[in-house]
Structure formats: structure tokens, C-alpha cells
Amino acid sequence: MDLYGKMAATQDSKQKESSDQNFDYMFKLLIIGNSSVGKTSFLFRYADDTFTSAFVSTVGIDFKVKTVYKNDKRIKLQIWDTAGQERYRTITTAYYRGAMGFILMYDITNEESFAAVQDWATQIKTYSWDNAQVILAANKCDMEDERIVSVDSGRLLADQLGFEFFETSAKDNINVSQTFERLVDIICDKMSDTLEGDAALATGIPSDTNAKLTDNPATPQPGDCSC
């Protein structure tokens with residue numbers, strides 16, 4: 001089986017695996033950016049709260065599933081980790097379709113990865129749906145002594161592209177959960193706006209902007225028995 005066949009089989013099997021459990025919503029999210037910016041470490045820190053300094057380049061694409069809760073709704077996050085190398089670009093862009101959110105990542109110690117952000121943003125616009133939400137993540141902010149891209153430069157580019165912006169570190173666990181939580185919140189807000197006026201659908205993701213995203217369902221309160 002060639003690489004394309006393997007990737008298709010992987011997607012089919014993993015999507016089946018992730019669909020076997022109950023959930024109210026599934027959000028497909030992609031982490032994209034140049035190779036070695038820390039996409040895989042970022043995903044593992046969020047999904048498993050683990051980190052390794054050993055660098056292993058992602059081959060093609062892989063993903064993890066994490067379930068979170070908002071306003072008593074179970075949201076299954078299907079988070080795809082994409083290869084940054086050019087030779088995998090045709091494969092990875094095929095996965096943009098249906099993605100509701102993107103974390104576009106660069107490395108603050110690598111000017112080339114920052115310069116490539118515009119190209120990645122163009123790919124999102126070209127291959128994903130119009131309402132896909134994007135957060136620009138400046139990773140490896142723990143490496144301040146090796147910083148090349150300033151915070152202001154990152155924030156300015158994010159503003160120009162219309163993206164929200166976080167400086168992050170998978171190693172020191174800085175703004176990792178916050179980045180994902182904000183992306184999910186933006187998607188929920190967009191869904192609420194889209195479904196407004198449709199009473200049958202609007203009972204889904206509530207538009208309460210104060211609701212917090214959590215890893216665990218809400219603890220039932222006394223008197224909440226549903227029997």
C-alpha cells in the first residue's frame with residue numbers, strides 16, 4: 001500500500017474509532033505550521049500532559065481525541081497533527097476539509113517558520129471552509145534567550161490576518177490548554193451565531209460566554225436528580 005493509501009486507511013480507522021463513543025458534538029481541529037515548530041509536542045502536552053525533548057518528524061498526519069465539557073455538553077475534539085514538510089503538503093491539505101478550527105504555529109526562534117505563516121494562512125483560506133476559526137500560536141516562548149521573533153511582531157501579524165494570538169510553550173506548559181480552550185470557545189460562539197433563531201438547534205451549544213471549558217462533566221448538585 002502506498003503512502004496515500006496508508007494515510008486514507010489511518011483516517012478511516014481512526015475516525016471510526018473516535019465515532020464509537022457518545023458525544024454531543026465533534027470538532028475537527030488541525031495544528032499546522034512548518035516542520036519542527038513543536039506541533040506534535042503541543043498536541044501531546046494538551047492531550048496527555050506529557051513532553052519529550054526528542055524530535056521525531058511527523059510522517060504525513062496523525063491525531064488524538066480529547067473530550068471536554070461546556071454547559072453540560074460533551075464535545076469530542078479530534079485534533080490532527082500535520083507534517084510540516086513540503087513533500088506531505090498534498091496529503092495534509094486534504095485534511096483541511098471539514099476542519100472547524102486551526103492552530104497555526106510558528107517557532108519564536110525560527111524566522112523562516114514565522115515568514116511562512118502567511119502561506120499557511122493562504123492554504124487555510126484555499127482548502128478549508130469559510131467559517132473555520134484560526135489561532136496563531138507562537139511556540140517555544142520558554143527559549144527567550146534564543147528569541148528571534150518579537151511578541152509585538154507576532155501580535156501584529158495575527159491582527160493583520162484576523163487571528164487571535166497566544167505565545168505558548170509545550171515544554172513549560174504555557175498557554176497550551178488556553179489556546180485550545182479559546183479556539184473551542186470561538187467555534188461555539190460561531191455555532192451559536194449561525195444557529196440563532198432556530199429553536200430546535202439552538203438548544204445545543206449554549207451561547208453563554210461565561211461558561212468554562214472543562215475536562216470533566218459538571219458535578220450534579222443536590223436536588224438535580226433526573227429520575
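The structure is a predicted model, in which local features need pLDDT of at least 70 and side-chain atom pairs count only at pLDDT 80 or more, while totals for chains, interfaces and linings use all residues. Residues are numbered from 1 along each chain as its sequence is written, and side-chain values use heavy atoms, with hydrogens and water left out. The chain holds seven helices and six strands; helices (H or I, at least four residues) and strands (E, at least two) are DSSP runs, numbered from the N terminus. Of its 227 residues, 45% count as buried, where buried means under 20% relative accessible area, exposed over 50%, and partly exposed in between, with a 1.4 Å probe and protein chains only.

**Overall fold**

- From the N terminus on, the elements follow the order α-β-α-β-β-α-β-α-α-β-α-β-α.
- Contact means heavy atoms within 4.5 Å. Among contacts between residues at least 6 apart in sequence, 75% join residues at least 24 apart.

**Strand β1 and its partners**

- Eight of the nine residues of β1 are buried, so this strand is largely enclosed by the rest of the structure.
- Strands β1 and β3 run parallel and are joined by seven bridges; two strands pair if DSSP finds at least two bridges between them. Within this pairing, L30 stands opposite W80 in β3.
- Strand β1 also pairs with β4 in the parallel sense, over five bridges. Here I31 has I103 of β4 as its bridge partner.

**Nonpolar cores**

- A nonpolar core is a set of buried Ala, Val, Leu, Ile, Met, Phe, Trp, Tyr and Cys residues joined through side-chain atoms within 4.5 Å. In soluble globular proteins, nonpolar side chains tend to be buried together.
- The largest nonpolar core has 28 residues, and F27, L77 and F180 are those with the most contacts inside it.
- At least two residues of this core come from each of β1 (25-33), α2 (39-48), β3 (73-82), β4 (101-107), β5 (133-139) and α7 (176-195). Helix α7 provides the largest share, eight residues.
- Not counting residues up to four places away in sequence, F180 touches L29, I31, F42, Y46, I79 and I103.
- Another core, of 27 residues, lies apart from it and includes L30, L104, F114 and V134.

**Helix α5**

- In α5 (residues 117-127), the buried residues are V117, W120, A121, Q123 and I124. Seen down the helix axis, they fall within an arc of 155°, so they line one face of α5; the arc is that of the directions from the helix axis to the C-beta atoms.
- The face of α5 turned away from the buried side carries the exposed residues D119, K125 and T126.
- An α-helix has 3.6 residues a turn, so residues three or four places apart point the same way.

- D107 is located in strand β4 and counts as buried, at 4% relative accessibility.
- A polar atom of the D107 side chain lies 2.8 Å from the backbone nitrogen of T109. A polar contact is a pair of N or O atoms within 3.5 Å; within protein, one must be able to donate a hydrogen and the other to accept it, and residues adjacent in sequence count only if both atoms are side-chain atoms.
- Not counting residues up to four places away in sequence, D107 touches S36, V37, S113, N139, K140 and V149.
- G38 is found in the loop between β1 and α2 and is buried, at 15% relative accessibility.
- G38 and D107 are 69 residues apart in sequence, yet 7.5 Å apart in space, C-alpha to C-alpha.
- Leaving aside neighbours within four places in sequence, G38 is in contact with M105, N139 and K140.

**Residues with positive phi**

- D49, in the loop between α2 and β2 (61-70), has a positive phi of about 55° although it is not a glycine.
- K140, in the loop between β5 and α6 (151-161), has a positive phi of about 70° and is likewise not a glycine.

**Cysteines**

- The structure holds zero disulfides, a disulfide being a pair of cysteine sulfur atoms within 2.5 Å.
- C141 is buried, with a relative accessible area of 14%, and C188 is buried, with a relative accessible area of 1%.
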